[in-house]
Amino acid sequence: MSEVSIIMGSKSDLPVAEKAINILKKFDVSFEINVASAHRTPHRVEELVTKSDAKVFIAIAGLSAALPGVVASFTTKPVIGVPVSGAINFDALLSVVQMPPGIPVAAVGIDRGDNAATLAVEILSIGDADLQKKLAAYRKEQADKVIADSEKVKQDVGC
């Protein structure tokens with residue numbers, strides 16, 4: 001069983017998916033990954049979604065970025081859309097965030113596979129105290145890095 005299903009619109013989306021994979025691995029969250037196009041292989045998308053036992057879906061797509069919405073149309077489970085940068089970034093972003101009433105897709109920033117995975121972990125942590133502890137430690141790690149960066153900047157500029 002995979003807790004998260006990552007679906008990419010094309011193989012070229014892999015660098016964005018790798019950001020998500022790194023976060024999921026950090027939290028020991030199981031995942032599956034597939035390539036399926038909302039336009040070129042819609043039946044494959046349907047099959048992947050309806051046969052998956054995942055609790056959360058991450059759909060990564062560029063251009064018209066219809067994939068997150070199509071994934072959401074086949075499930076009542078949470079879907080997180082990741083728009084992929086391209087020649088015209090707003091096309092993908094708007095496609096992910098402008099869903100019709102009743103079929104929501106959570107959206108993260110352009111190319112932010114890492115934030116999609118973090119959000120997936122947060123969703124999964126609702127019923128998992130161990131994941132909640134890991135998230136708290138991760139947040140502290142991030143805060144500590146900012147403080148260390150601040151001290152380094154002060155040192156570098158002579159304050």
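I'm counting two strands as paired if DSSP finds at least two bridges between them. With that in hand I looked at S1 and S3, and five bridges join these two strands, which run parallel. Worth noting before going on: this is a predicted model.

**Entry 1: overall layout**

I started with the inventory and found six helices and five strands. Reading along the sequence, I get β-α-β-α-β-α-β-α-β-α-α. The C-alpha trace spans about 60 × 40 × 30 Å along its principal axes. I also looked up burial, and 38% of the 159 residues count as buried. Of the contacts with a separation of 6 or more, 67% come from residues 24 or more positions apart.

**Entry 2: the sheet**

Which order do the strands take? The five strands make an open sheet, S2-S1-S3-S4-S5, with parallel pairing. Strands S2 (31-35) and S5 (106-107) are at the edges with a single partner strand each, so one side of each has no neighbour in the sheet.

Next I checked what packs on the sheet. Helix H1 (residues 14-26) touches S1 (4-8), S2, S3 and S4, and its direction makes about 170 degrees with that of S1. Helix H2 (residues 42-51) lies across S1, S2 and S3, and I read about 170 degrees between H2 and S2.

**Entry 3: strand S3**

For individual partners, I noted Phe57 with Val79 in S4, and Ile60 opposite Val82 in S4.

Is S3 buried or exposed? Six of its six residues are buried, so S3 is largely enclosed by the rest of the structure. I then sorted its side chains by direction: Val56, Ile58 and Ile60 point one way, while Phe57, Ala59 and Ala61 point the other way, and all are buried.

**Entry 4: helix H1**

Back to H1 for its geometry. This helix has 13 residues and reaches 18 Å from first C-alpha to last, close to the 18 Å expected at 1.5 Å a residue.

Which residues of H1 are buried? I list Val16, Ala17, Ala20, Ile21, Ile23 and Leu24. Looking down the axis of H1, I see these buried residues fall within an arc of 165 degrees, so they line one face of the helix. Asn22 and Lys25 are exposed, on the other side of H1.

I also checked what the buried residues of H1 pack against: S1, S2, S3 and S4, plus helix H5 (113-125) and helix H6 (129-157). Just past the end of H1, I noted that Asp28 has a positive phi of about 55 degrees.

**Entry 5: aromatic rings**

My last search was for rings of Phe, Tyr and Trp with centres within 6.5 Å. How many aromatic pairs are there? The count comes to one aromatic pair. Phe27 and Tyr138 have ring centres 5.3 Å apart and planes at 75 degrees, so I call the pair edge-to-face, with over 60 degrees as the cut-off for that label.

Where do the two rings sit? Phe27 is in the loop between H1 and S2 and Tyr138 is in helix H6, so the pair ties together parts 111 residues apart in sequence. I looked up burial for both, and Phe27 and Tyr138 are each buried.

Key
Residues numbered from 1 in each chain as written. Predicted model: local features only at pLDDT ≥ 70, side-chain atom pairs only at ≥ 80, totals over all residues. Heavy atoms only, no water. Helix = DSSP H or I, 4+ residues; strand = E, 2+ residues; numbered from the N terminus. Contact = heavy atoms within 4.5 Å. Axes fitted to C-alpha atoms, helices over the stretch in contact; angles between N-to-C directions. Expected span 1.5 Å × (residues − 1). Buried < 20%, exposed > 50% of the residue type's maximum accessible area, 1.4 Å probe, protein only. Arc of directions from axis to C-beta. Phe/Tyr/Trp six-rings, centres within 6.5 Å; stacked < 30°, edge-to-face > 60°.
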